Each structure stands twice: as C-alpha cells, then as structure tokens.
Amino acid sequence: MIYLDLNGLKEINDKMGHLAGDTLIISASYVLQEIFADNLYRIGGDEFVVIEQDVLESEFMSKYNKLLVRMKELEISVATGYIWKERCLNLSEILQAADQKMYEDKKRYYSIAQNDRRRR
C-alpha cells in the first residue's frame, strides 16, 4: 500500500490559482495511473492510495521507486508512506500505518521548506 499526498498544493492554489492546482492533481494522477493502473484510489482533494495485491516486494518497490522518479522528473513534490506485507490481515491497520509514514514524510518536507524560507 502507498499513501500519497501532494506537497505545496495550497501555496500553488494561492499564488497561481486553482486551475494550476487542479492541473497539478491531474498530472500526479496520470503518473499514478501509468504505474499502478486499476489499483489507484483518490481519497481526498490531493490524497491518493495505491493498494497492490499479489505482487512481490521487489516488484512493489520497483514501481514505488519509478513513481518517485517520475514525480521528480515532472517537478511534482509528494509525501509518501508505503507498507508492503506478504499478507493483509487488517487493511485498516495497514492504511493507518502508511498514512502515518506519509505524514512523517510531509513533516520533513515542510521542515526543510520552512528552513529554506528563513534563509531568503
């Protein structure tokens, strides 16, 4: 499972308008669809969940790394949290764990962004 949230969407909406923000969401969703096809769910404005089933950990990690590379190539900043389990005994617990990891990643992003703003 991958929990993904776009970084900086509010700032883009505020500075460039909602059309720019919507374009960012659409661009990110195309990348996700390209890599994960039918295993992708939009669960909020700029939040997505990928639920891969019957996939080896190596294949899952390959797709995850491809996702990060494609987002970077397109200059789309994302916060992600992922969990790979051989068996899913409790989908809710896995979702919560991936969500928590995503929020930790988002905290790191905004911590660095905030430090960068202070230097300006």
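Start by selecting Ala28, Val31, Leu32, Glu34, Ile35 and Phe36 in helix 2, which meet Lys63, Tyr64, Lys66, Leu67, Arg70 and Met71 in helix 3. Contact here means heavy atoms within 4.5 Å. Helices (H or I, at least four residues) and strands (E, at least two) are DSSP runs, numbered from the N terminus.

Before you click on: this is a predicted model, where local features need pLDDT of at least 70 and side-chain atom pairs count only at pLDDT 80 or more, while totals for chains, interfaces and linings use all residues. Residues are numbered from 1 along each chain as its sequence is written, and side-chain values use heavy atoms, with hydrogens and water left out.

**Stop 1: the helix pair**

Keep helix 2 and helix 3 on screen. Two packed helices are described by the angle between their axes and the distance between the axes. For helix 2 and helix 3, the angle is about 150 degrees and the axes are 10 Å apart. Axes are lines fitted to C-alpha atoms, for helices over the stretch in contact, and angles run from 0 to 180 degrees between N-to-C directions. Helix 2 and helix 3 are therefore roughly antiparallel (under 35 degrees counts as roughly parallel, over 145 as roughly antiparallel, 65 to 115 as roughly perpendicular, and the rest as oblique).

**Stop 2: helix 2**

Now select residues 18–36. Helix 2 has 19 residues and should span 27 Å at 1.5 Å a residue; its end C-alpha atoms are 26 Å apart, which agrees. (The expected span is 1.5 Å times one less than the number of residues.)

Next, colour the buried residues of helix 2: Gly21, Leu24, Ile25, Ala28, Ser29, Val31, Leu32, Ile35 and Phe36. They cover an arc of only 160 degrees around the axis, which puts them on the same side of helix 2. Buried means under 20% relative accessible area, exposed over 50%, and partly exposed in between (1.4 Å probe, protein chains only). The arc is that of the directions from the helix axis to the C-beta atoms.

What covers the buried residues of helix 2? The cover includes strand 1 (2–6), helix 1 (9–16), strand 2 (40–42), strand 3 (47–50) and helix 3 (57–73).

**Stop 3: helix 3**

Helix 3 has 17 residues and should span 24 Å at 1.5 Å a residue; its end C-alpha atoms are 24 Å apart, which agrees. Pick out Phe60, Tyr64, Leu67 and Met71, which are buried in helix 3. Seen down the axis of helix 3, the buried residues fall within an arc of 55 degrees, so they line one face of the helix. They pack against strand 1, helix 2 and strand 4 (78–82). On the other side of helix 3, you'll find Ser58, Lys72 and Glu73 exposed.

**Stop 4: strand 3**

Select phenylalanine 48 in strand 3. Phenylalanine 48 is buried, at 3% relative accessible area. Beyond four places in sequence, its contacts include Ile25, Ser29 and Leu32.

Then try valine 50, also in strand 3. Valine 50 has a relative accessible area of 1%, so it is buried. Leaving aside neighbours within four places in sequence, valine 50 is in contact with Met1, Ile2, Leu32, Phe36, Asn39 and Leu40.

**Stop 5: helix 4**

Finally, jump to lysine 106 in helix 4 (residues 91–119). Is lysine 106 buried or exposed? At 11% relative accessibility, lysine 106 counts as buried. Outside four places in sequence, lysine 106 is in contact with Asp5, Leu6, Asn7 and Ala79.
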